[in-house]
Amino acid sequence: MEDVMDKATTGPISTRKHGDVLIVLSNNPPVNALSTPVRQGLVDAIAEAEADESVKAVVIACEGQTFFAGADITEFGKPPMQPWLPVVVDTIENCSKPVVAAIHGTALGGGLEVALACHYRVADKSAKLGTPEVKLGLLPGAGGTQRLPRVAGVKKALQMCATGNPIGAKEAFDCGLVDRIVEGELIPHAVGFAEEVRDVRPLAKSSERQDRMADLDRNVFDEFRKENAKRFRGFEAPLKNIEAVRVATQKPYGEGVIEERKLFMELMGGEQSAAQRYFFFAERKANKIEGLPEGTEPRPIRKVGVIGAGTMGGGISMNFLSAGIPVTIIEMSQEALDRGTGLMRRNYEASAAKGKLTPEQVENAMGYLQPTLDFAALADCDLIIEAVYENMDVKKEVFGRLDKIAKPGAILASNTSYLNVNEIAASISRPEDVLGMHFFSPANIMKLLEVVCGDRTAPDALLTAMTLGKKIRKVPVVAGVCHGFIGNRMLMPRQIEATKLLLEGATPEQVDRVHVEFGMPMGPFQMADLAGVDIGWHRDPKRIETIRDALCAIDRWGQKKGAGFYDYDEKRRPTPSPVVQQIIEDFAKKQGVERRDISDEEIVERTLYTMVNEGAKILEEHVAQRASDIDVVWVYGYGWPVYRGGPMFWADSVGLPKIVEGLKRQEERMKPDFSFSRLLLDKAEKGEKFTR
Ligand code: NAD
């Protein structure tokens, strides 16, 4: 294509002419974020197109890996700079010549708003389009909620705005969001398209279109809300997104954008979005390793070994197989090996049945798996993850064998939930290669990965585990060695107090309800029933020292047995159990615990405030690098509601003096299990916060 450069540019936006089409090109690596110079450049380019009579149509395209992928996150929280995005998009739409967006990579957020303002959209076949604002507790605020339903239809707009999940080019074409899918070179095709439409009038202004609103089923909003009730539970932003789209169906664009702005400002000023925006940065920060010596490089990982094909080993392996990294998996018996690998295949096939994978991808992934009973097959692995029983002697025995056969420099990781990684490391000749890689169950799905750094773990081993964690699409967080690391350690005070509360007069339903109303996916007793009440049980039915012992002794092991803290029907629906209630009351009597009414507030103070206190101890002891890492662990590992930011951010929002006050109120009842974190007391006294 022979193009004429119009003018020398220093900014991210340049223009060049191809025949009578003005190509407006953005070059703002890495993702063509819509920073101030980009926005200004777009406005200037439209002015240039208007001023030049020889220009008959405009193409807006991006260089590099993607179309505009959203706002410039470095401008977050700063005073907005002119020209605002709403002005930019209106300028584009009001251009008197047809404007065509040429989309490749991801058109997200503000990027999609730009595309929507164009009169036409052509997209590369691998492009993705989306409005992820809801994930930051916001909504598309430059007219997006008003334009999108007019272009893509109300249902699709609801889906995109309220879930924030992007759609592919094909889906975008099918709903009318994209006018043409391009295979091959995008810009020449977009220019060709612009030439085809250069004389079409009137211009298809998205804000004025009504064709997609005709014969709208008014129930669509209620139905959508109902269908997604579980997913949106507790969140404000999805509902405001739905409301904004509904406005688009009732009011002309000019009035709609005023409503949209109002809803946007409500979200922007609210606590949920503040928490979600905080969390966005928390997640990115978690990836940074404090004090890593300069020049540290990760070790290459070409092949992974996994020991144990049980609940965790299988799931862990799947992460690597899905990323195309070969895995050798070891078991003690052929039967256990077959059972483990069979389950992996069934999990993959279930994903394929849901359309998430193609049958070919399933075969590819399974093709990377080498199941064997021969320990020596681990000799060429660069990383070996042990996922055998949670028992120090068994772990040490496995590591002792690894010490003999693993190649020099291989990283030796344990998936232990609680055990002392330093002790495991000290038992072999290469402690610098040992660390913890603590996956969460189900390991092929849960995003969190605690990378446990021992006292003697080499910096490059730590960096390798963190880098690899990202590669297999986990959210890795560095943790130090202690009982339960970050997440499980904080679970302990919660569990202790929750159980004591039962004896003092609360019911499992009440404790769980408080947690669910708070936004957790389930409460402590629902979680115990799901994970197995028998985990960690001593297996002696005659030795009954706790409520748990009593439940295990009568086979109430949780959901898997149809009974635990709750009774379950055949569909695993829980109901309160009179048997359990009797056990609790008998225990209370035996231990001389006086029963009384327990308020919801006390449950919050004793189970959630205590977690904050434990989090503060974790910080004090440098088990976590930073408070925000603790929040990442809880959101990704345990389903803490992201709209509350995580336990440490939440504590800051509640106010540390109030947390301390609540804990002091409960201190007597919680002794001797509870002791204050010095850091929490200090911060509360000084008026400081953990996360801000
Ligand atoms: P599991 O009992 O389901 O699986 C353990 C497997 O290891 C069994 O299949 C067993 O046959 C095999 N095994 C034992 N010794 C072996 C050996 N010497 N060589 C080869 N294979 C051997 O247990 P799991 O739930 O998968 O837990 C494994 C580890 O992961 C434990 O340390 C546990 O604490 C940790 N973990 C578990 C969870 C969870 O929710 N289940 C979560 C995080 C971490």
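Predicted model: local features only at pLDDT ≥ 70, side-chain atom pairs only at ≥ 80, totals over all residues.
Local features were required to have pLDDT of at least 70 and side-chain atom pairs pLDDT 80 or more, whereas totals for chains, interfaces and linings use all residues. Residues are numbered from 1 along each chain as its sequence is written, and side-chain values use heavy atoms, with hydrogens and water left out.

The ligand is surrounded by 20 residues (one heavy atom within 4 Å), of which M312, E331, E390, K395 and S417 are the closest. Polar contacts (pairs of N or O atoms within 3.5 Å) involve oxygen atoms of the ligand: polar side-chain atoms lie at 2.5 Å in E331 and at 2.8 Å in N415, and a polar backbone atom of V388 at 3.3 Å. Of the 830 Å² of accessible area that the ligand has on its own, the protein covers 81% (Shrake-Rupley method, 1.4 Å probe).

Strand β3 (residues 21-26) is largely enclosed by the rest of the structure, because six of its six residues are buried (under 20% relative accessible area, 1.4 Å probe, protein chains only). In a regular strand, side chains alternate between the two faces of the sheet. V21, I23 and L25 are buried on one side of β3, and L22, V24 and S26 on the other.

Strand β3 pairs (at least two DSSP bridges) with β2 (residues 13-18) in the antiparallel sense over six bridges, with R16 opposite I23. The pairing of β3 with β4 (residues 57-62) is parallel, also over six bridges, and places S26 opposite C62.

Conventions
Polar contact = N/O pair within 3.5 Å; in protein donor to acceptor, adjacent residues only side chain to side chain. Buried < 20%, exposed > 50% of the residue type's maximum accessible area, 1.4 Å probe, protein only. Helix = DSSP H or I, 4+ residues; strand = E, 2+ residues; numbered from the N terminus.
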